[in-house]
Amino acid sequence: MGQVEATTQREIAADPEDVFDALADYSGTRQKLLPEHFSEYEVREGGDGKGTLVHWKLQATSKRVRDCLLEVDEPTDGQLVEKDRNSSMVTTWVVTPAGEGRANVVVSSIWNGAGGIGGFFERTFAPKGLGRIYDAILANLAKEMEK
């Protein structure tokens, strides 16, 4: 059993604070950014950054659906951390300036993978699949912010 990590990033032509605020807006903007892999989205507490508790189901593959209940924290400026109560998965969003009126967004998830042959396939394929899902979210974020 080893840790599995998926990371992707995108530069967005918008003010970094506005980009962060959109990502932290779980009761509004965030739901609009999610691709078809997400269902049963529900804010259960809070709704804006730290202190939010949000639920969704993530269908990473045709056979794999993850029931996620995420606690949101903001440990530092420009950083959102989503810890899944139902698994070892932790997803971190980091928004930093990338020049005048531009933001760089990095999203990274890490979790304890399975052992054995199943773990081999998880470590091999899950990061690519999750990366594609995050690329879709970041593309939707760019569309939303660059209007």
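**Cavity, rings and a helix cap**

Helix 3 gives the largest cavity the largest share of its lining, three residues. This is a predicted model, and it holds one cavity of 30 Å³ or more. Two of the residues nearest the cavity centre, Phe-38 and Trp-56, also turn up in a ring cluster with Tyr-41.

**The cavity**
- About 110 Å³ of space sits inside the largest cavity.
- Its lining runs to 14 residues, with Phe-38, Trp-56, Glu-82, Thr-91 and Tyr-134 nearest the centre.
- At least two lining residues come from each of strand 3 (53–59), strand 4 (65–73), strand 6 (90–97) and helix 3 (116–145).
- Sorted by class, that lining has eleven nonpolar, one polar and two charged residues.

**Aromatic pairs**
- There are three aromatic pairs in the structure.
- Tyr-41 and Trp-56 are stacked, because their planes are at 15 degrees, with ring centres 5.9 Å apart.
- Tyr-41 is in strand 2 and Trp-56 in strand 3, so this pair ties together parts 15 residues apart in sequence.
- Tyr-41 is buried as well, at 16% relative accessibility.

**Arginines over rings**
- Arg-30 puts its charged end over the ring of Trp-93, 4.7 Å from the centre.
- Arg-66 lies over the face of Trp-111, 5.6 Å from the ring centre.

**Helix 1**
- Asp-15 caps the N-terminal end of helix 1, with a side-chain oxygen 3.1 Å from the backbone nitrogen of Glu-17.
- Buried residues in helix 1 (residues 16–24) include Pro-16, Val-19 and Phe-20.

Note on methods
Residues are numbered from 1 along each chain as its sequence is written. This is a predicted model: local features need pLDDT of at least 70, side-chain atom pairs count only at pLDDT 80 or more; totals for chains, interfaces and linings use all residues. Side-chain values use heavy atoms; hydrogens and water are left out. On a 1 Å grid over the protein atoms alone, a cavity is a set of points where a 1.4 Å probe fits but cannot get out, and a pocket is an open set with protein on both sides within 12 Å along at least five of seven lines; lining residues have an atom within 4 Å of a point. Grid points are joined across faces, edges and corners, and a volume is the space filled by probe spheres set on the points. Helices (H or I, at least four residues) and strands (E, at least two) are DSSP runs, numbered from the N terminus. Ala, Val, Leu, Ile, Met, Phe, Trp, Tyr, Cys and Pro count as nonpolar, Asp, Glu, Lys and Arg as charged, and the others, Gly among them, as polar. Buried means under 20% relative accessible area, exposed over 50%, partly exposed in between (1.4 Å probe, protein chains only). A polar contact is a pair of N or O atoms within 3.5 Å; within protein, one must be able to donate a hydrogen and the other to accept it, and residues adjacent in sequence count only if both atoms are side-chain atoms. Rings of Phe, Tyr and Trp (its six-membered ring) pair if their centres lie within 6.5 Å; planes under 30 degrees apart count as stacked, over 60 as edge-to-face and the rest as tilted. A charge sits over a ring if NZ of Lys or CZ of Arg is within 6 Å of the ring centre and within 35 degrees of the ring normal.
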